[in-house]
Amino acid sequence: MADRVYIFDTTLRDGEQSPGCSMTVSEKLKMAAKLVDLGVDIMEAGFPIASEGDAQAVDAVAREYPWVSVAALGRCNTKDIMACVQALKNARRPRIHTFIATSDIHLKFKLKKSRQQVLEEAVAAVRLARSYCDDVEFSAEDATRTDPDYLEQVSRAVVAAGARTVNLPDTVGFSMPEEYGALIGRISRALGDAAVVSVHCHDDLGLAVANSLAAVQAGARQIECTINGIGERAGNAALEEVVMAMKVRQDKYPFTTKIVTEHLYPASQLLTSIIDFGPQPNKAIVGENAFAHEAGIHQDGYLKERTTYEIMEPTSVGVPESRLVLGKHSGRHALVKRCEDLGVSLNKEQLDVMYDRFTEAADRKKGLRNDEIASLAKEVVEQSKSAVAK
Ligand code: KIV
Ligand code: ZN
């Protein structure tokens, strides 16, 4: 289907490979269960040559979820590929994902190999992987700093050798959306229907999601991404952001995914409970403040009509409800509503007193908790009743 975009989740591999994010086999299995609920198309479960734990995780995830495509990563050499083959031996839908760097900077300083050598190793690795597995993905590491003519040559050669997916990572998060779109467009046209073009963007300049979306518009049909955007250095494109951008802006991105978006927030919460840190409060889609309104003008608009300040329903991403945060920027509408929700109704005079006391307290603090608001409101009501009685 031309408009179907495959979601390749690499939370358990690229995500896991960053500081504070390592996961045990049982933690990976727990997270995998959520990724399955979410409906990801491919789960990359580990880099088997890197550790015994990674190899076991690939095997465990593949056994537990035989109907899901499970990928294992390996460099373009026999040892790595055979470690993938071994880890995937019980998988019903195995994918071997093999990669080698193609940029001159990596060839010169890291690999110390010529372009011809890298081309030959890429082709040999894909052939070897294909002799064990029908579903082989090739990644040209640092594709965005690779000479485009050479990148096209490598891409055509690996597809001729049997790769079904060609991934062109922005490994160092260097590319700009229009530039990345042009590169992806060129390789997509060169490969035609022979392979799916995939993207894998890092967020060093904060452009991983924008680059992934530009790539899809230019012809890519697989996005590699992670929950909460975890991953090497500044992370990978956040799965929840690319998916919701395509869902909310269907006019610009008329593509479909299989993601059940109501599981996005639970998936983010589960990951946070497993690794050492959660998303920042203002993180799109899953951050604590993503559906919180504090400014009085916003709260007033929101209470009159939700869509004045919300472009998606919180429940559509699994967040139970929007929050009106009462702080010093909040207005009377929100305060009276919160007091009512807390079981205290205020008349006009009481509200005036309550509002003054509330803003005075909110000025000193970062915001008031519900129990503090309720006791302040009760105090105001009591005082006004005893003043009337006197
Ligand atoms: O960032 C990268 O280039 C990678 C590849 C191994 C796909 O993670
Ligand atoms: Zn990566």
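Start by selecting helix α8, residues 177–191, and colour its buried residues, which are Tyr 180, Gly 181, Leu 183, Ile 184, Gly 185, Ile 187, Ser 188 and Leu 191. Buried here means under 20% relative accessible area, while exposed means over 50% and partly exposed covers what lies in between, with a 1.4 Å probe and protein chains only. What you have open is a predicted model, in which local features need pLDDT of at least 70 and side-chain atom pairs count only at pLDDT 80 or more, whereas totals for chains, interfaces and linings use all residues. Residues are numbered from 1 along each chain as its sequence is written, chains are lettered from A and ligands numbered from 1 in the order in which they are written, and side-chain values use heavy atoms, with hydrogens and water left out.

Stay with α8 and show what surrounds it: its buried residues pack against α7 (148–160), β6 (165–167), β7 (196–200) and α9 (208–218), where contact means heavy atoms within 4.5 Å. Helices (H or I, at least four residues) and strands (E, at least two) are DSSP runs numbered from the N terminus. Just after α8, Gly 192 takes a positive phi of about 55°.

Next, select the zinc ion (ligand 2), which is coordinated by Asp 14 (OD), His 200 (NE2) and His 202 (NE2) at 2.0 to 2.1 Å. Donors are N, O and S atoms within 2.8 Å of the metal (3.2 Å for Na, K and Ca), and since water is not among the atoms, sites may look incomplete. Along the chain these donors follow the spacing D-x185-H-x1-H. His 200 is buried at 5% relative accessibility, and His 202 is buried at 4%.

Now move to Ser 103, in the loop between β4 and α5 (104–111). Ser 103 counts as buried because its relative accessibility is 0%, and it touches Glu 141, Asp 142, Arg 145 and Thr 146, not counting residues up to four places away in sequence.

Finish with the aromatic rings. Rings of Phe, Tyr and Trp (its six-membered ring) pair if their centres lie within 6.5 Å, and planes under 30 degrees apart count as stacked, over 60 as edge-to-face and the rest as tilted; by this rule there are two aromatic pairs. Phe 47 and Phe 99 are edge-to-face because their planes stand at 65°, with the ring centres 6.1 Å apart. Tyr 65 and Trp 67 also form an edge-to-face pair, at 5.6 Å centre to centre and 85° between the planes.

Key: Expected span 1.5 Å × (residues − 1).
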